[in-house]
Amino acid sequence: GHIKTRLLALDFVLGHPQYLYFETAEEKRRYFVERFDVANTLFTPVREGGAGISFSDGFPMCMASPSPDSSPVVTFTYIDSEHQNLDAYIAHLRTYRPLFLVLPAFQFLYISTASSLQNEAALIFSLLVEGKGLSEMIRYFDLQTKWEREQYGRLTEADVLFLSEARKQFLGSSIDSLYYLWKRNRLPKDIHPEAARRIMPAQRKPFRAITVPGHEAVFGDSKRNWGDGWRFGGASRARSPRTALSAPHQVLQRIAHT
């Protein structure tokens with residue numbers, strides 16, 4: 001997964017040589033501190049870890065124009081090389097959101113090899129970063145719960161019409177996970193309607209999805225980790241380096257406790 005991500009990042013850079021790229025994490029941090037007077041407390045050095053922004057993901061960041069007739073703005077990217085779910089993407093947006101909120105303008109590019117999750121990624125960006133639709137989502141959760149409990153007498157005709165339309169709008173496994181947390185009163189505070197008051201003012205559409213050619217043919221269709229089945233020192237089956245060095249994580253389950 002790491003190698004695929006780096007290849008996709010390289011493809012993006014080679015495909016857009018006209019952009020002005022920030023080459024290091026320190027260069028990125030210094031730009032925001034000096035250009036926009038962003039507090040140093042938002043950032044955490046890569047070597048120290050922590051909850052701040054470290055730019056350790058290595059995703060390309062550059063100055064680019066959203067349209068031919070507009071001035072260049074700082075452009076963030078998110079590389080989704082697996083396009084299986086948006087757990088890591090949600091965690092990424094929540095980490096970077098404090099920085100997004102203090103910038104007068106920026107754009108965000110969601111880069112993937114398939115378009116299957118692009119609509120869902122755009123919806124999540126709108127909810128978490130732009131603050132659009134949070135109240136509607138919570139209302140949908142409330143009405144959907146009443147419907148599932150067969151509490152039809154508590155629904156008005158307007159509620160039923162709203163529910164019908166909301167089911168078409170709020171789609172995807174990420175919404176299902178948020179609904180799961182909401183029903184258990186574990187939805188993080190920054191994903192509540194009150195958070196919309198602290199969201200950025202309305203501006204141009206900062207989100208764009210980009211589909212790029214993938215490298216699946218190089219890696220094959222197997223889901224096995226590199227090294228699975230190898231023999232080392234007489235062992236019948238070695239754990240892959242990826243499995244041995246990292247444990248799987250469920251972002252939405254973990255963020256419920258933050």
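**Ground rules.** Numbering runs from 1 along each chain as its sequence is written. Because the model is predicted, local features need pLDDT of at least 70 and side-chain atom pairs 80 or more, while totals for chains, interfaces and linings use all residues; side-chain values use heavy atoms, without hydrogens or water.

**α3 against α4.** I looked up helix α3 (residues 87-102) and helix α4 (residues 118-130); their axes come within 10 Å and cross at roughly 40 degrees. Helices here are DSSP runs of H or I, at least four residues, and strands are runs of E, at least two, numbered from the N terminus. Axes are lines fitted to C-alpha atoms, for helices over the stretch in contact, with angles from 0 to 180 degrees between N-to-C directions.

Next I checked who touches whom (contact: heavy atoms within 4.5 Å). From α3 I listed Y89, I90, L93, R94, R97, F100 and L101, and from α4 A121, I124, F125, L128 and V129.

**How covered is α4?** I found 11 of its 13 residues buried, meaning under 20% relative accessible area with a 1.4 Å probe, protein chains only. The cover includes α3, β4 (107-112), α5 (134-148), α6 (157-169), α7 (173-183) and β5 (207-211). Just after α4, I noted G131 with a positive phi of about 70 degrees.

**Rings.** I then turned to F108 and F207: ring centres 6.3 Å apart and planes at 15 degrees, so they are stacked (pairing needs centres within 6.5 Å, stacking planes under 30 degrees apart). F108 sits in strand β4 and F207 in strand β5, 99 residues apart. Both F108 and F207 are buried.

Methods
Buried means under 20% relative accessible area, exposed over 50%, partly exposed in between (1.4 Å probe, protein chains only). Rings of Phe, Tyr and Trp (its six-membered ring) pair if their centres lie within 6.5 Å; planes under 30 degrees apart count as stacked, over 60 as edge-to-face and the rest as tilted.
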